[in-house]
Amino acid sequence: MSGTLTSPPIAVGCSTNVVERNERPILRERGQREVFCGLTGIIWLHRKMQDAFFLVVGSRTCAHLLQSAAGVMIFAEPRFATAIIEERDLAGMADCQDELDRVVDQLLERRPDIKTLFLVGSCPSEVIKMDLAKAAQRLGREHAGTVRILNYSGSGIETTFTEGEDACLASLVPEMPAESADAQPSLLMVGSLPDIVEDQFLRLFEELGIKNVGVLPARKACDLPAVGPNTHFLLAQPFLGETSRALEDRSAIRLEALFPFGAEGTTAWLKAAAEAFGVDEMHFNSVVAKPRERAKRAIEHSRAQLEGKRISFLPDSQLEVPLARFLGNELGMEPLEVGTPYLHRGLLSHELNALPQSVQLSEGQHVDKQLDRVREARPDLTVCGLGLANPLESEGLSTKWAIELVFSPIHGFEQAGDLAELFARPLRRRDVLEV
Ligand code: SF4
């Protein structure tokens, strides 16, 4: 390890009650993948948790990935960096640990504002040889009382794109305090959402009369809500399988619903909470009626562009299934193949039941075979990773970058119109170019 801290250039700084009605055939693919690794999650997680710092223990490649993905952002103080590990034999690994300790000590001394430090593993073999869990425990003991030190893996071998967030949130769950024996029922909203979207949902829960609502992750990572058998949780993201399991291991109860995309998905998601908390149906309807109507009207702006159009998803963000459901059911699109890196059947049971039976589901990736199928079907729109978009565009196929869907506010009633527009835009551009 060089012992240097690299940072962005500008910065000075499965549930058991799975609904098995949906026993459609699923194509399982194994082969070359074209997906970002889990380190990418740091880009949105560090914006969310403002007292947290992500120290990637990795290679120059990891540092480059982070720097180029986050290069457009300017911060007074960066909240992520890479401690670069150089090639070492096993005999040199003890020095690596010492070097990591030194980098962490130096960082924490310089940045007393850091309250949670994540040591993030990556895939170089030197990093795999290091025991980051032990390092986090050792350093955590040393800095106890001032900073919490946790670890998770963002390695491209173990994680794809959005799984980094899952691994990060799962590492927080054991740190959550236990709720008291006489705790009132509480609701936990799980998944990193832009603050503005989180506030909209919190306002709606308040209007519904649901009290004791917590979020994971909180804006301050050190503000961890309590958890226990009186905690009901709603996943805001469909890729949080490990986090969901960790919460269930702490006796929290997962509320099953569609995910909050579009007017229908958001209504169903809120309804799951309302039913668990005994909210009167008339009251529920009166609270959601207006924002739901607004969402429907906003979605209608894109209908002319999208209705009847065929769409394929290549596996990338794990948002594919709920988004295909939204586009199919609320905008009249025809999803052909919906590919996803991992299909969490338990978390997606409602979504799968709402997808038309004609949809071909695929799990995993064999990029060449999938591209062949896209070329044969020639959908009007293909949602895919950055690296696949250009070749498809050059063959006259319209594409949408999956990464844009992860970085844009797309959850909830107020964002439903923008979500539809994200899919309508490339088709409109194509129409303009063809005129
Ligand atoms: S974790 Fe692995 S896949 Fe991700 S940037 Fe580092 S070396 Fe590349």
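Q: Hi! Where is the place of C37, in terms of strands and helices?
A: C37 lies in the loop between strand 2 (26-30) and helix 1 (42-48). Helices (H or I, at least four residues) and strands (E, at least two) are DSSP runs, numbered from the N terminus. Residues are numbered from 1 along each chain as its sequence is written. This is a predicted model, where local features need pLDDT of at least 70, side-chain atom pairs count only at pLDDT 80 or more, and totals for chains, interfaces and linings use all residues.

Q: Thanks! Is C37 buried or exposed?
A: C37 counts as buried, because it has 24 C-beta neighbours inside 10 Å. The cut-offs are 20 or more other C-beta atoms within 10 Å for buried, 12 or fewer for exposed, and partly exposed in between, with C-beta atoms placed from the backbone.

Q: And what does C37 touch?
A: Leaving out residues up to four places away in sequence, C37 touches G154, S155, G156 and T159. Contact is when two C-beta atoms, placed from the backbone, lie within 7 Å.

Q: Which residues does UniProt list for "binding site"?
A: The unreviewed UniProt entry lists C37, C62 and C123. They span 87 residues in sequence, yet no two of their C-alpha atoms are more than 9.5 Å apart, so they gather at one spot. UniProt positions are given in the numbering used here, feature names are shortened, and annotations may be inferred rather than shown by experiment.

Q: Where does C123 sit, then?
A: C123 is in the loop between strand 5 (116-121) and helix 4 (125-129). C123 is buried, with 20 other C-beta atoms within 10 Å. With residues up to four places away in sequence not counted, C123 touches I128, S155, G156 and I157.

Q: New topic: at what angle do helix 6 and helix 8 pack?
A: Helix 6 (residues 163-172) and helix 8 (residues 241-249) pack at about 20°, with their axes 7 Å apart. That makes helix 6 roughly parallel to helix 8, since angles under 35 degrees count as roughly parallel, over 145 as roughly antiparallel, 65 to 115 as roughly perpendicular and the rest as oblique.

Q: Which residues meet there?
A: From helix 6, D166, A167, L169 and A170 meet G241, E242, T243 and A246 of helix 8.

Q: Last one: what about D95, buried or exposed?
A: D95 is exposed, with 12 other C-beta atoms within 10 Å. D95 is found in helix 3 (residues 93-110), and its C-alpha atom is separated by 51 Å from that of R203, 108 residues apart along the chain.

Key. Axes fitted to C-alpha atoms, helices over the stretch in contact; angles between N-to-C directions.
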